[in-house]
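Colleague: Could you walk me through this model and tell me what stands behind each term?
Modeller: Gladly; here it is.

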Amino acid sequence: MRILTGALVALCLAIPAHAQDERATRVAIAKDYIDATVTDADIEEFIRRLWQPMIQQMAANGQRLSEEQLAEIDKLFLDHLTQPLTDVMRKQDEVMADLMTLEELTALRDFYTSEHGGAVMRKMPQLAQIQQPMISATLQDAMPDIMPKIEAITTPQ
């Protein structure tokens, strides 16, 4: 009985150490993936895509901006967001390690660092940019139907 109890205690003590080792491995692989994506990322273009819909909405409302005004807005966003968003991207290793299995992280890293995987991933922002107007139009078309229903749901009876 003592041998069985001792073996059980040893097993219980070993499991947390193994889990920590596996998590450290997941974090390291996530870090490899992030290093590759941050290196390939065009953070400035990503930031420009964040403020472009605002400018498009202003133009749709009849407000035209000069090239100088657009340059000032671009600089403002780049100055305020480049480093913070880069930091956010670099800090996702821990979250990824908690959300994904070792196999998933390894597959993600291996895909991204492959020739075709890297090429596909570098094109994803372009795909998102092309889809954004379609998504916005879909939302705009749906809002007249959705808003009265939201009001009915949220208005006290």
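Colleague: What pattern does the protein chain follow, read along the sequence?
Modeller: Along the sequence, the pattern of the protein chain is α-α-α-α-α-α. There are 6 helices and 0 strands, where helices are DSSP runs of H or I with at least four residues and strands are runs of E with at least two, numbered from the N terminus. This is a predicted model, where local features need pLDDT of at least 70, side-chain atom pairs count only at pLDDT 80 or more, and totals for chains, interfaces and linings use all residues. Residues are numbered from 1 along each chain as its sequence is written, and side-chain values use heavy atoms, with hydrogens and water left out.

Colleague: What makes a residue count as buried, and how many of the 157 do?
Modeller: Buried means under 20% relative accessible area, with a 1.4 Å probe and protein chains only; 15% of the 157 residues count as buried.

Colleague: Which classes make up the lining of the second largest pocket?
Modeller: That lining divides into 4 nonpolar, 5 polar and no charged residues. The largest share of the lining, 5 residues, comes from H6.

Note on methods: Buried < 20%, exposed > 50% of the residue type's maximum accessible area, 1.4 Å probe, protein only. Nonpolar A, V, L, I, M, F, W, Y, C, P; charged D, E, K, R; others polar.
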